[in-house]
4 protein chains.
Amino acid sequence: MRKICVVITARASYSRIKTTLVAIKKHPDLHLQLIVTGSALLEKYGSVVDQIEKDGFEITARLFNILEGNKPLISAKTSGLALLEMPTLFASLKPDLVVTIADRYETIATAVASAMMNIPLVHIQGGEITGNIDDKIRHAVTQLADFHFVASENAKARVLRMRDGGNNVYNTGCPSIDIAAEILKSASLNFNPFVTYGGVGPVFNYENRYLVVMQHPVTTEYNLAQKQITCTSKAIAELGIPTFWFWPNSDSGTEGIAKGLRIFREQNPDCPVHFFKNMESGHFLKLLKNASCLVGNSSVGIRECSFLGVPVVNIGSRQTGRERGNNVIDVNYDSNAIAHAIKIQINRGSYEPDFIYGKGNSGQKIAGLLAEIPITSNNADFYE
Amino acid sequence: MRKICVVITARASYSRIKTTLVAIKKHPDLHLQLIVTGSALLEKYGSVVDQIEKDGFEITARLFNILEGNKPLISAKTSGLALLEMPTLFASLKPDLVVTIADRYETIATAVASAMMNIPLVHIQGGEITGNIDDKIRHAVTQLADFHFVASENAKARVLRMRDGGNNVYNTGCPSIDIAAEILKSASLNFNPFVTYGGVGPVFNYENRYLVVMQHPVTTEYNLAQKQITCTSKAIAELGIPTFWFWPNSDSGTEGIAKGLRIFREQNPDCPVHFFKNMESGHFLKLLKNASCLVGNSSVGIRECSFLGVPVVNIGSRQTGRERGNNVIDVNYDSNAIAHAIKIQINRGSYEPDFIYGKGNSGQKIAGLLAEIPITSNNADFYE
Amino acid sequence: MRKICVVITARASYSRIKTTLVAIKKHPDLHLQLIVTGSALLEKYGSVVDQIEKDGFEITARLFNILEGNKPLISAKTSGLALLEMPTLFASLKPDLVVTIADRYETIATAVASAMMNIPLVHIQGGEITGNIDDKIRHAVTQLADFHFVASENAKARVLRMRDGGNNVYNTGCPSIDIAAEILKSASLNFNPFVTYGGVGPVFNYENRYLVVMQHPVTTEYNLAQKQITCTSKAIAELGIPTFWFWPNSDSGTEGIAKGLRIFREQNPDCPVHFFKNMESGHFLKLLKNASCLVGNSSVGIRECSFLGVPVVNIGSRQTGRERGNNVIDVNYDSNAIAHAIKIQINRGSYEPDFIYGKGNSGQKIAGLLAEIPITSNNADFYE
Amino acid sequence: MRKICVVITARASYSRIKTTLVAIKKHPDLHLQLIVTGSALLEKYGSVVDQIEKDGFEITARLFNILEGNKPLISAKTSGLALLEMPTLFASLKPDLVVTIADRYETIATAVASAMMNIPLVHIQGGEITGNIDDKIRHAVTQLADFHFVASENAKARVLRMRDGGNNVYNTGCPSIDIAAEILKSASLNFNPFVTYGGVGPVFNYENRYLVVMQHPVTTEYNLAQKQITCTSKAIAELGIPTFWFWPNSDSGTEGIAKGLRIFREQNPDCPVHFFKNMESGHFLKLLKNASCLVGNSSVGIRECSFLGVPVVNIGSRQTGRERGNNVIDVNYDSNAIAHAIKIQINRGSYEPDFIYGKGNSGQKIAGLLAEIPITSNNADFYE
């Protein structure tokens, strides 16, 4: 029975890996170990850890590592803290494989710890390009990992180039599409966001149409975060359409966004915008599926929304370089351009599904590979 | 005036970068900041930091981070400690460029800290292949770095492949060749190793011929370190030729080597083998230039010795994948094979110089580039 | 010239030490080194570090160490982080004396680092009793320190008991009284809090009378923080008197207070309560001096207000055990009792000054002692 | 069932607590959690952790924290590392009581972590005086602890003074005496130290008489460690009596001792002195019981040897202030004085037992108290 240690660092990485966790848990030859760290532990970012437990997974270990502050040195120290403590956990849990996801700054700690401890490392969603600091992290993890489960053919080709070939690169599709596929089976909005999630801001009628906004700070432009969010909030204020707005991830620049949003709220107390910290991912996808448009810079717009056919207005550089479907209109930080693009998308309505990121069976595929990939055991004693 | 922050982590990285440091110090447009960390701070590994000061460089900061223990988790935690504290130093020193060298496990901390803090990072000696865990570190640093000063054409081509092209890859040659080139001007052995460096073990006559041994633990085979060193020590004991033996770097497996050497000494108290912790690099190169053969797995055998034409017996997998000259005979961990290869090399005598790793002007080239490469200053405020 | 390294961890410790810093800076035989750490670095807690620079002091080093989260393990890890990095700073700064203040959880890191590095340590404001976890920290620092500058005769007697006698205990009074004494010379409210400090909440007329509220979480009751603040906010809401309310320190329980205050604001949008993060201490003392009553659990109510004669309603256990003047009415977490006590104090008016915590010359006294206390130099080489 | 978490940091603390661990394990109302950290994990210091497992205890967690280097800043950082990671372990193990022993520098990390996390803390062997930096640590732990299990009446009185009274101070005697009491039942030397423990140095006849030497560095005089050990080694060399010599603990100064002993060995290759890293404590006590004299500065000379009646020559300041029996002659760092005192003790022969540190039932007493002391559970949720 292989011990598979999955490290969850943030809301996004949990959403992306969830169907894989289910498949690992069900697989007769796999034993799941779950380390939760980063913003996934913090109430401020929606207590993802509680959601994970509610979803039926047992938390093997919790590693608090996020430092307070709104500066790049904070991210670096936060990774250092993870790298300092993760080895203690690995040495205690003795996993056969470690799984790390995507490109958050904490993933580098997981990857370095595994590589130095000679624990075979699986990287999920390498080989993509987004055009900012995450690229460095993602590609560095690609170099540290032993196995690569990528989400598209482009990504596979890039990983192979970066590694001068090799056999351990598999296109599994993106597990986030699995959840989207599940949702499509019954996509009606069968819950009331205000009742179920509380949040703050005016309560409004969202039956006819509504927007969803999700805009994160861009780590290389963290000092512009407040300015950038203000472009978006101006556009939303001008349109006056009912809007569900999601709080950003913890990262350099988050405080700038928080400040911008506080000002927006004080200046537009009656604008029909309601803020949420978090939402169970099934609910979130239904909210998207029924939205007139998703606005912001979330990768959800590129991935899930291409599969779901949701119109997207993608702002700025955060998703630059990612393969995308027809459902996306890219705009700059310019409130007029944003408002204009939203209007176009609302008029356009929903798109046909696109399968560039998989067909909805990634979790199964990944669990199968985790059980079968050959682990060189010449390091059998690496925990001694 | 650009502030250039060079991070020295070990004896080898100092030797390799020394002529570059001299050139930076002399350059009118550059200001040198020197962070010393890792084994370079420890008496046990020859107090490299004292040598650096003796060479006329001022130490800007000292960062103690090596944990005790002989296990992979120790290397990982040691890197974590560096990554935790390095950002505090960077935020205080505010360098315009950070320079990291080669592939020691601490280099990843420097690279991650720089990348996360958006400080432009120069990596020296990327793009090489050695076939062990150092490859992962080296290639990960390549992904995190902004500028790549590589040591050979092969290395340049590999970095370009790994990064999908780009403009910031320069073949500067290896600065370690600079020192070798300087040595060649007057290569006679004008010092007495016993008198100048003390060390332990019998004192012997080395005028006619002698060997130099330098064998480090292989990190992916750290648990075999004692066994591996014993193959070498058996061969040396059998040959009975005067031998200068250098203590290994701090790494997973070092204690195994130390144990093996203690046993060797107790069993062969009269064998003409003298042990040193460290040697000023000019002296070391003269010792090599006049040696009948270098034995072990040091990269010095591949680089400097190819330029100097010194016969080398390279043992095991540590240098696998590195480009090498005709001066190298590769053997396995087998005391007979080692002894046999040494005899061949002694009979063969010295080789013609080979310029695959440069012609001796790398330090100058690198300093020139550090002053000229374009730094994108859209992150001008990254320390605020 | 003695190098005096003062470590500032929070707004309160800065206020308390400020006149001492001025006196050190002016003293011909002393050289000031200032390490700023903890919440004093964070914008969220009023960027005390910027205030320190504005006051004319140079920051020698900044040490970010506060982790995010609202749990006791976070405070412990935060101290660990400080203890991990502080030695690097001390080894670089080579102070002759380290000065630590009072009882915040970060002070233990400063004290342990100094003790282990054999650097003579001065503890300011030991020997007091407050009846919660701070007592443990304060008394532990007393055991680790070499010199004790206490604020009252009671405190001196207690330190002597705890240390079985000794010669290094001095009653210097509390330097916070120095600022209060300075203020008394011209105590009129010569600034407009709304204009100078912004803050959030309604703007009101405060000419006739106003309250000041400052209530911190109690670390041993951190999970009750929200409930406790709600008792106070209910009382304030009921009274409807103009109120300046100050944001609490960073500590276990802060988030509970923040939540309680957010709810208060949403439920009482028109109540004349204005919130501030921070205020320059001179302004703060003038605001107190002219207040009808200070409400909460700040030590300012016990110390400065006794000297200034300001009526105080002290709530709960946070100041239990501290010597106090006649100006204080103690009440429990009970909104009726709080409201009642505030009314009594408002009717009573201001009190006569009380000198239990000094007469206003502590900074001078302390600087003088720092220059004169005998430092045993048998550890002269402790930084080598 | 109470969860009792005992933290073992070094060989000495394990020896001292062993009978208590046995009693906890047997107690029906107690569940033992064992965290091993510090030098107890390192092969270099005799792999105490392996001994603990061999003795039948399960290791709950291992925390590697010792940094390399021979400087005070290393001890401080080592404690910082423990304080950074210990909270993660405590939060995972959720002990009802934490037990920390004596005064090693790592104990402060355990104590601070427990205090900040509001976990009731038991301190064993507080209230003693040894006249060096350990005093600061020990007394600071006394201030941080909730329960005090002291080893003598003097210690009890001191703890009560330091804490202004209180109810939680119990004289349990020292559990190290329990093992000594057990040994007395059959004290003959029924093992061959050379055969059982290997070690290095000449093998000799020890039937007639022999010395045992155990000398640790004094942390406040760490830079004198080599000089101090040389006084002792000179005396031993001069006497030429068969001697079992034990390697010191990891601490500031250990490398100085190691260097001194290496030189001694090289200069006196034939002197009948054999070196051991470690010895199972039962064996060690038998070796002591049958020794002509114990030489050095170990607390074993003060405690166990007073009960066993073994003559002791105690050197220097390390045990200053500890209560002692008649069996101890104190001398300074002076090779003549040391040799002279050893001769006196050899002629004198063994002493009558003295019960100042207990009668041999401490482990039982302590386990009983751990099951019964009242734990205030107002912090029931401190792990939430």
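**View 1. Arg2(A) is partly exposed, with 16 C-beta neighbours inside 10 Å.** The cut-offs work like this: a residue with 20 or more other C-beta atoms within 10 Å of its own is buried, one with 12 or fewer is exposed, and one in between is partly exposed, with C-beta atoms placed from the backbone. This is a predicted model, in which local features need pLDDT of at least 70, side-chain atom pairs count only at pLDDT 80 or more, and totals for chains, interfaces and linings use all residues. Residues are numbered from 1 along each chain as its sequence is written, while chains are lettered from A and ligands numbered from 1 in the order in which they are written. Arg2(A) sits in strand β1 of chain A, residues 2–8. Helices (H or I, at least four residues) and strands (E, at least two) are DSSP runs, numbered from the N terminus. Leaving aside neighbours within four places in sequence, the contacts of Arg2(A) include Asp29(A), His31(A), Asp96(A) and Leu370(A). Two residues are in contact if their C-beta atoms, placed from the backbone, lie within 7 Å. Asn336(A) is 334 residues from Arg2(A) in sequence and 54 Å from it in space, C-alpha to C-alpha.

**View 2. Chain A is divided into two parts, domain 1 (2–174 + 358–379) and domain 2 (182–348).** These bounds come from an automatic or database domain assignment. Taken over C-alpha atoms, the centres of the two domains of chain A are 26 Å apart. Where they touch, 24 residues of domain 1 of chain A are in contact with 21 residues of domain 2 of chain A. On the domain 1 side, α1 (11–26), α3 (72–93) and α5 (133–144) of chain A each supply at least two residues. α1(A) gives the most to that side, with four residues. By class, the domain 1 side has eight nonpolar, 11 polar and five charged residues. Here Ala, Val, Leu, Ile, Met, Phe, Trp, Tyr, Cys and Pro count as nonpolar, Asp, Glu, Lys and Arg as charged, and the others, Gly among them, as polar.

**View 3. Helix α3 of chain B has 22 residues, 72–93.** From first C-alpha to last, α3(B) reaches 31 Å, close to the 32 Å expected at 1.5 Å a residue. The expected span is 1.5 Å times one less than the number of residues. A kink of about 30° lies at Glu85(B), shortly before the proline Pro87(B). The bend at a residue is the angle between axes fitted to the seven residues ending there and the seven starting there. In α3(B), 20 of the 22 residues are buried, so the helix is largely enclosed by the rest of the structure. Just after α3(B), Lys94(B) takes a positive phi of about 50°.

**View 4. Chain C meets chain B through eight residues from each chain.** On the chain C side, β3 (61–63) and α3 (72–93) each supply at least two residues. α3(C) gives the most, with five residues. A rotation of 179° with 0.1 Å of shift along its axis superposes chain C on chain B, with RMSD 0.1 Å. Copies are superposed by least squares on the C-alpha atoms of residues with pLDDT of at least 70 in both. Of the residues of chain C, Glu85(C) comes closest to the rotation axis, at 3.3 Å (C-alpha). The copies meet through the same surface, because 100% of the interface residues of chain C are also interface residues in chain B.
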